Amino acid sequence: MFKVQSKKVGIFGGSFNPIHTGHIALAKSLCEKAGLDEVWFMVSPMNPFKKTATDLLDDHLRLEMVEKALEKEPQLKACDYEFRLPKPSYTWHTLQAISQEFTDIEFTLLIGGDNWAAFDKWYHHEDILAHYPIVVYPRQGSSVGEVPEGVTIVETPLLNISSTEIRQRIKEGKSIKGMVPESIEELVKRNYNAR
């Protein structure tokens, strides 16, 4: 892991398959608007809702790209914590485990409006609501609506970039310039071209 000095940390989970400039811009905006010291990019080895993700790149390759992409972003950290937890990765287990290890940190869950719409299907969703602040950011095509106490909606830039589109463009031999940080562009192309 890494040295921790922050007190308020946002957990931004995802497969990051691959990480892109939209993820980074969003995390920076969330850091500022939610009053966080840091945002941890929790690279997920297996999303419980995507059990048949055959186009998921190896965990360590995705982590490597996240680490390299965030090198110049001091408030944003790549995190492999879920790699050591039982699979599938349930957010409740992750939050419980990191809270026990980092007792002086207040963790906030950062999720998109699309995930919030399905939040009542999450494992132990009521316990997450009862024990952790949640920040919801808008996603295209999903409205957030009313939220309970402990949940905050923040307006963040809607960047029209998706990991799926990046993978598709690589497959078709199209440019991904500007869609991923320049520092990982060649790495992304190499990793996804081999598939």
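Author: Start in helix H7, where Glu185 and Lys189 sit four residues apart, about one turn of the helix. Helices (H or I, at least four residues) and strands (E, at least two) are DSSP runs, numbered from the N terminus. The model is predicted: local features need pLDDT of at least 70, side-chain atom pairs count only at pLDDT 80 or more, and totals for chains, interfaces and linings use all residues. Residues are numbered from 1 along each chain as its sequence is written, and side-chain values use heavy atoms, with hydrogens and water left out.

Glu185 and Lys189 join their side chains in a salt bridge, 3.5 Å from N to O. The term means a side-chain nitrogen of Lys or Arg within 4 Å of a carboxyl oxygen of Asp or Glu. Glu186 belongs here too: salt bridges with shared partners link Glu185, Glu186 and Lys189 into one network. Glu185 is buried, at 10% relative accessible area. Lys189 is partly exposed, at 26%. Buried means under 20% relative accessible area, exposed over 50%, and partly exposed in between (1.4 Å probe, protein chains only).

What does Glu185 touch, leaving aside neighbours within four places in sequence? Its contacts are Ile176, Lys177 and Val180. Contact means heavy atoms within 4.5 Å. Ala69 is 116 residues from Glu185 in sequence, yet their C-alpha atoms are 9.4 Å apart.

Now step out to helix H6 (residues 163–171). Its buried residues are Ser163, Ile166, Arg167 and Ile170. The buried residues of H6 pack against H7 (185–193) and helix H1 (21–33). After H6 comes Gly173, with a positive phi near 75 degrees.

The largest nonpolar core has 34 residues, and Phe12, Ile19, Val39, Phe41 and Val188 have the most contacts inside it. Such a core is a set of buried Ala, Val, Leu, Ile, Met, Phe, Trp, Tyr and Cys residues joined through side-chain atoms within 4.5 Å. H1, H6 and H7 are among the elements that give two or more residues to this core. H1 gives the most, with five. Another core lies apart from it, with 25 residues, including Ala97 and Tyr132.

Lys28 and Glu73 form a salt bridge, 3.3 Å from N to O. Lys28 lies in H1 and Glu73 in the loop between H2 and E3, so the pair ties together parts 45 residues apart in sequence. Lys28 is partly exposed, at 42% relative accessibility. Glu73 is buried, at 19%.

Now compare the inside of helix H2. Asp59 and Arg62 form a salt bridge there, with their closest N and O atoms 2.6 Å apart. They are three residues apart in H2, about one helical turn. Arg62 is buried, at 0% relative accessible area. Asp59 is buried too, at 19%. In the whole structure there are nine salt bridges.
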